[in-house]
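The structure is shown first.

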Amino acid sequence: MRLTRYFLPVLKENPAEAQIVSHRYMLRAGMIKQQAAGIYSWLPLGLRVLRRIEEIVNQEQIRAGHIPLLMPTLQPADLWRESGRYDDYGQEMLRITDRQKREMLYGPTNEEMITDIFRAHVNSYKDLPLTLYHIQWKFRDEMRPRFGVMRGREFLMKDGYNFDIDRDAALHAYNRHMVSYLRTYERMGLTAIPMRAASGPIGGDNTHEFLVLASTGESEVFYDDRVTGLKLGAREIDYDDREAVAKVCEEFTTLYARTDETHDAAVFDAVPEAHRKVGRGIEVGQIFYFGTKYSAAMGALVVNDKGERVPVEMGSHGIGVSRLLGAIIEASHDDKGIIWPEGVTPFPVGIVNLKQGDAAADAACEGLEKALLARGLEPLYDDRDERAGAKFATMDLIGLPWRITVGPRGLANGVVELTSRRTGESEEMSPEAAVERLVQIYAAHP
């Protein structure tokens, strides 16, 4: 992609309405445009990151054995009356009446609808376990939407729902989701800590929130800092092995980590003082086990191995896909702009031509562009007739992890400059070597 043909409406000044870094940089980098309070259009650069995050979530859900589907954004109010939540949910729910005077709502979550789908098609324990999920737009009418995509009214969310014959199977589904989420966040370059949390309007006894530490987080968190060093890494996990999955969950939840809602000062005081930390966190996901709360109320019953009709055990599991963009920026930026991790970057590398119109420089940039495309890496080529400083500023702002700088002086010596956005370190090498280096780097981020 060439910048002269791309739509990238960057801003030089900080927008007055942006209170936090992620909102400021998303507006300045031309990723989003506000259409109404808490509602945004996703511009091309922002959409590319959103789709990359969505694909990672999809891949890890499927790896864990979960099955995708797609439910509508509008839901009939009658389903929510069955569960008893229609009048309890509050003013965050956007209620709608269609032209036939039927009461509808713009879905804030999908427990009722997925239960309705399940009860219409599944009758036997032999069809269990079953986990269905989708990635869909949600709407919650926040009283004070703020912080850009971090606290918007319309947002993209992955929500999944497990159906199991008994509590043990449902808790394995809970653990399976925890592990799949840990892997998902790691692939995005994030350290997301599972913290014991409150269930809120979803309900249930078991729930963990996944929080990314950031000074702008809305939640106060209390934690043993050793938890931040835990990683799944490249280890292979058999999601059907209950013991192995439970062991990973135990590893990541034994050290103290709680939100202010579930904080226990006495237990926290037992953490060695050197490791006792208080901070703020951004919630990027939450998992719930709530048993038969919805299945019993809505008649989602199956015949068990004894011939008895029993309500299925359920849980729900969400990841804030659009919110993750803000969280990643909050965790990875500097005073020049965004620093995208390789796993979610909109483009793997930017090519900067220091002397547009120079035959040798133009040819070298086009050669790099073709070589990278041939290896499966789509660069963003800044072919504008702009001064070098402006090109560098744009690349720093939009945060691509790597930059190749091409100029007549370097080409005279047969080299280009490969620069890391994160460290600022540069190295001169041949164009061919720069391509090979990037291929090696991105082999770890398919």
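Among the elements of the protein chain, which has the lowest mean pLDDT and which the highest? The model is predicted. Strand β10, spanning residues 206-213, has the lowest mean pLDDT of the elements, 90, and strand β3, residues 67-68, has the highest, 98. Over the protein chain the mean pLDDT is 93, with 98% of residues at 70 or more. Where pLDDT is low, the predicted coordinates should not be read in detail.

Next, the nonpolar cores. The largest nonpolar core has 77 residues. Within this core, the members that touch the most others are Met31, Ile53, Tyr185, Phe210 and Val284. Helix α5 (residues 167-187) is the element that gives the most to this core, namely 8 residues. In soluble globular proteins, nonpolar side chains tend to be buried together.

An open sheet is built from 3 strands in the order β4-β6-β5, and the pairing is antiparallel. Strands β4 and β5 are the edge strands, each pairing on one side only. From one strand to the next, the twist averages 35°. Strands β4 and β6 run antiparallel and are joined by 3 bridges. One of the residues involved is Pro76, whose bridge partner in β6 is Met104.

| β4 | 74-76 |
| β6 | 103-106 |
| β5 | 94-97 |

Note on methods
Residues are numbered from 1 along each chain as its sequence is written. This is a predicted model: local features need pLDDT of at least 70, side-chain atom pairs count only at pLDDT 80 or more; totals for chains, interfaces and linings use all residues. Side-chain values use heavy atoms; hydrogens and water are left out. pLDDT is the predictor's confidence in each residue, from 0 to 100. Helices (H or I, at least four residues) and strands (E, at least two) are DSSP runs, numbered from the N terminus. A nonpolar core is a set of buried Ala, Val, Leu, Ile, Met, Phe, Trp, Tyr and Cys residues joined through side-chain atoms within 4.5 Å. Buried means under 20% relative accessible area, exposed over 50%, partly exposed in between (1.4 Å probe, protein chains only). Two strands pair if DSSP finds at least two bridges between them. Axes are lines fitted to C-alpha atoms, for helices over the stretch in contact, and angles run from 0 to 180 degrees between N-to-C directions.
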